[in-house]
Amino acid sequence: METSCVIAGGGPAGMMLGLILARAGLDVVVLEKHADFFRDFRGDTIHPSTITLLGELGLRERFLALPHNSIRTLDAVVNGTRLHPIDFGRLGPPDDFLVLAPQWDFLNFLAAEAAQYPGFHLLMETEATGVIEEAGIIRGVTVDGPDGALEVRAPLTIAADGRDSIVRRAAGLRPRAFGVAIDVLWFRIPKPAVVPPSTLAYVDRGGMIVTIDRGDYYQTGLIIPKGGFDELKAAGLEEFHRVLAGIAPVLKPVVGSIESWDDVKLLSVQIDRLERWYRSGLLAIGDAAHAMSPAFGVGVNYAIQDAVAAANALVAPLRTGAVDLRVLDAVQERRLPPVARMQGLQLAAHRRIARPGGAAILPDPAPEPLRLALDAAMPLLQRVSARVIGRGFLPESLAPELREPARVAAV
């Protein structure tokens with residue numbers, strides 16, 4: 001099988017890049033190893049900058065017609081003190097809100113939009129197993145699919161197959177890992193009868209709980225010390241319920257809905273990035289280039305920004321059938337600084353706040369003078385957090401010539 005570009009991985013980076021390339025009239029093959037996009041581990045946050053991008057593609061209103069929650073503010077409860085650190089309304093209209101939507105709905109939406117273009121080919125249950133290398137140049141990938149082994153050859157291969165990327169490893173690219181001392185336990189929990197304001201996290205000296213609103217339930221994460229799941233299981237479910245209710249008392253009436261450890265999944269947190277994102281014939285983007293932690297929920301946003309930056313740089317050379325190394329280097333040079341800055345911010349958060357015991361930064365209860373000082377600082381913090389979290393350190397915009405679909409397929 002031959003194409004202009006083969007993309008390993010049907011996550012946000014791979015699907016968005018595939019959609020943009022197909023709209024530009026290119027032939028593109030996207031490989032997704034699963035039979036569908038349904039995975040609870042996938043991030044649910046669609047940031048304001050991504051909503052703006054959907055507007056540039058003419059898809060904003062269609063996407064917002066899907067079931068979702070729009071949120072302008074997110075609180076954090078730290079040692080019993082409710083803070084209001086995030087207000088996306090500070091960005092100004094129209095894209096002044098965060099969307100919480102299951103990622104599988106977002107990916108199905110992108111797949112359906114991309115399927116309208118004759119050059120888009122999505123191969124489900126098809127996994128890249130290695131790279132095709134000739135004279136030091138990556139010429140495509142070997143894959144395993146429903147009909148057996150296959151070669152997909154292309155002038156450019158995109159590794160977008162996640163933090164454990166097979167394509168990246170086969171190409172000999174090795175990421176630099178940054179130590180993260182936590183893991184996350186991931187589970188669903190019903191909303192209590194009395195629903196609090198939209199709250200990103202509850203933090204006390206015993207731990208931290210993240211609550212993501214999915215309509216009638218919370219997708220919930222408990223921060224634990226790395227490797228601490230076995231110890232928690234040994235203490236029993238009743239102790240687990242007690243821990244949850246202690247950190248987030250509002251959840252006490254519903255913690256009993258977790259009836260088995262089968263309801264709880266372990267997400268190993270890691271932060272890493274490649275020092276070099278490319279080789280001749282290959283470019284890594286998204287988690288394959290830089291694994292982000294769940295802190296601030298920006299992983300999807302940064303993956304999509306990688307895809308936009310890549311598309312802006314790649315469409316013209318792909319139309320000629322060859323991509324110079326300087327083009328691939330330019331993509332990395334553009335995306336590496338904002339990625340490194342955000343990863344540094346995440347690492348700092350893990351050291352100080354997003355860890356068991358992180359609430360020690362605030363006394364319990366907070367004295368009145370401290371509360372007043374925090375309230376006074378909130379407007380500035382909201383402006384900064386809205387831009388850093390909602391748009392990122394370097395928000396990407398689709399090149400004007402790519403905002404309208406190509407009238408004819410590129411030759």
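Predicted model: local features only at pLDDT ≥ 70, side-chain atom pairs only at ≥ 80, totals over all residues.
1. Let's start with the salt bridges, which come to 18 in the count. In one of them, the side chains of R72 and D96 meet at 3.0 Å, N to O. R72 sits in the loop between β4 and β5 and D96 in the loop between β6 and β7, so this pair ties together parts 24 residues apart in sequence. R72 is partly exposed at 43% relative accessible area, while D96 is buried at 9%.

2. K226 and D183 also form a salt bridge, with their closest N and O atoms 2.6 Å apart. Here the loop between β17 and α6 is tied to strand β14, because K226 lies in the former and D183 in the latter, 43 residues apart in sequence. K226 is partly exposed at 38%, and D183 is buried at 5%.

3. For a local pair, look at R242 and E239, bridged at 2.7 Å between the closest N and O atoms. Both belong to helix α7, 3 residues apart, or about one helical turn. There is also a network of salt bridges linking E134, R139, E151 and R153.

4. R391, in the segment after α10, deserves a look: this residue is buried yet has no salt bridge, and D95, the nearest side chain of opposite charge, is 5.5 Å away. Beyond its sequence neighbours within four places, the contacts of R391 include P48, T52, L91 and N301.

5. Finally, the second largest pocket holds about 220 Å³ of space. Its lining has 12 residues, and among those closest to the centre are G206, I224 and L232. Strand β17 gives the largest share, 4 residues. By type, the lining divides into 8 nonpolar, 2 polar and 2 charged residues.

Conventions
Residues numbered from 1 in each chain as written. Heavy atoms only, no water. 1 Å grid on protein atoms, 1.4 Å probe; cavity = no way out; pocket = protein on both sides within 12 Å on 5 of 7 lines; lining within 4 Å. Points joined across faces, edges and corners; volume = space filled by probe spheres on them. Helix = DSSP H or I, 4+ residues; strand = E, 2+ residues; numbered from the N terminus. Nonpolar A, V, L, I, M, F, W, Y, C, P; charged D, E, K, R; others polar. Buried < 20%, exposed > 50% of the residue type's maximum accessible area, 1.4 Å probe, protein only. Lys, Arg positive; Asp, Glu negative; His and termini not counted. Salt bridge = Lys/Arg side-chain N within 4 Å of Asp/Glu carboxyl O. Contact = heavy atoms within 4.5 Å.
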